[in-house]
Structures are given as C-alpha cells and as structure tokens.
Amino acid sequence: NHETLLAIFRQHNEDYQKQAGKLKSLQLLEILHRDKHLAEFIEERYKVSAIALEELAPAFITDFELFLKTERTGF
C-alpha cells in the first residue's frame, strides 16, 4: 500500500489545476499534465506500470531528465 510517484504527481497536478489562472501559470499547468512522459519512462526503464516512492534512487531523476531531453524533444 505504498504511494507511487505517478499517483503523487497526478494529485499535485489536480491541486495545481484548482489554482490555474488565479495563482499559477496556465502554460506551466500544461507541462505538468504531461504525466504520460513519466509513465512511459517508468514503463520503458523499469518495466513496471508504477514505482513506489521508497524505490526511487537519485539516479532516477538524472535518468528521467536524459529521457526527456533525448526521447521527448520539445520538452
């Protein structure tokens, strides 16, 4: 019953969307809703549909950044 990274990311986006147009940039909101890239990275790299927060290592961030820069141009 561990929370997953994607679940927290999606909850953050929902909370952020409530503030869109009031306190937050609508353009940034569009970027945040690209959780499909995160889901795709987790699937490709780890061969699972979700990853528990306790399983994250510092390399995850650098690997995801590289994925966005090389696999997802325009990000």
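Does K69 count as buried, partly exposed or exposed, and at what relative accessibility? At 57% relative accessibility, K69 counts as exposed. The residue belongs to a predicted model, and its setting is described below after the overall fold.

The secondary structure of the chain consists of four helices and zero strands. From the N terminus on, the order of elements is α-α-α-α. The chain has 75 residues, of which 28% count as buried. Among contacts with a separation of 6 or more, 58% join residues 24 or more positions apart.

The average pLDDT of the chain is 80. A score of at least 70 is reached by 75% of the residues. Helix α2, residues 26–32, has the lowest mean pLDDT among the elements, at 64. Helix α4 has the highest, at 90.

The packing of helix α1 and helix α3 was examined next. Helix α1 spans residues 5–19, and helix α3 spans residues 35–46. The two pack at an angle of about 175°. Their axes lie 10 Å apart. An angle over 145 degrees counts as roughly antiparallel, and α1 and α3 are therefore roughly antiparallel to each other. On the α1 side, the contact involves L5, L6, F9 and R10. On the α3 side, it involves D35, L38, A39 and I42. Six of the residues of this contact are nonpolar, two are charged and none is polar.

K36 also lies in helix α3. At 58% relative accessibility, K36 counts as exposed. The C-alpha atoms of K36 and L6 are separated by 9.3 Å. Along the chain, K36 and L6 are 30 residues apart.

Salt bridges were then searched for across the whole structure. Two were found. In one of them, D63 pairs with R45. The closest N and O atoms of D63 and R45 are 2.8 Å apart. This pair links distant parts of the chain, 18 residues apart. D63 is in helix α4, residues 58–71, whereas R45 is in helix α3. R45 is partly exposed, with a relative accessible area of 47%.

K69 and E65 both lie in helix α4, four residues apart. That spacing separates them by about one helical turn. The two partners fall into separate accessibility classes: K69 counts as exposed at 57%, and E65 counts as partly exposed at 40%.

K47 has a positive phi of about 60°, although it is not a glycine. At 62% relative accessibility, K47 counts as exposed.

Helix α3 packs against α1 at about 175°. Helix α3 also holds R45, the partner of D63 in helix α4. Helix α4 holds the pair K69 and E65, and has the highest mean pLDDT among the elements.

Key:
Residues numbered from 1 in each chain as written. Predicted model: local features only at pLDDT ≥ 70, side-chain atom pairs only at ≥ 80, totals over all residues. Heavy atoms only, no water. Axes fitted to C-alpha atoms, helices over the stretch in contact; angles between N-to-C directions. Parallel < 35°, antiparallel > 145°, perpendicular 65-115°, else oblique. Contact = heavy atoms within 4.5 Å. Nonpolar A, V, L, I, M, F, W, Y, C, P; charged D, E, K, R; others polar. Salt bridge = Lys/Arg side-chain N within 4 Å of Asp/Glu carboxyl O. Buried < 20%, exposed > 50% of the residue type's maximum accessible area, 1.4 Å probe, protein only. pLDDT = per-residue confidence, 0-100.
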